[in-house]
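Have a look first, then read on.

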Amino acid sequence: MMRRLHGWLVTHFLPVWAKETILEENKRLRAELEQQRAENRELRAYARGLEEGFSALHGMKFNITLEGGRPDEHSESTI
């Protein structure tokens, strides 16, 4: 709902230069967000691989936590 309202406001009330600036910046930010999401997926996969590798080698369960102290929600390992 907010996205449609925002789009309508941008297309109807902003000057052309401001509209173009906002649309270009949104496009750049979406690309940057997707790049960050891809990097996040890659790092999570790496962490899961480390957990599984250590568990297989040492017979212990490991849980690698993310920055901020929260465990990876995709991991089923526990300490």
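Q: Is arginine 28 buried, partly exposed or exposed?
A: In this predicted model, where local features need pLDDT of at least 70, side-chain atom pairs count only at pLDDT 80 or more, and totals for chains, interfaces and linings use all residues, side-chain values use heavy atoms, with hydrogens and water left out. Residues are numbered from 1 along each chain as its sequence is written. Buried means under 20% relative accessible area, exposed over 50%, and partly exposed in between (1.4 Å probe, protein chains only). Arginine 28 has a relative accessible area of 42%, so the label is partly exposed.

Q: Which residues are linked with Arg28 in a network of salt bridges?
A: A salt bridge here is a side-chain nitrogen of Lys or Arg within 4 Å of a carboxyl oxygen of Asp or Glu. Arginine 28 reaches glutamate 25 with the closest N and O atoms 2.7 Å apart, and glutamate 32 with those atoms 2.9 Å apart. The partners linked with Arg28 are Glu25 and Glu32.

Q: How far apart are the end C-alpha atoms of helix α2?
A: Helices are DSSP runs (H or I, at least four residues; strands are E, at least two), numbered from the N terminus. The expected span is 1.5 Å times one less than the number of residues. Helix α2 has 43 residues (residues 16-58), so it should span 63 Å, and the distance between its end C-alpha atoms agrees: 63 Å.
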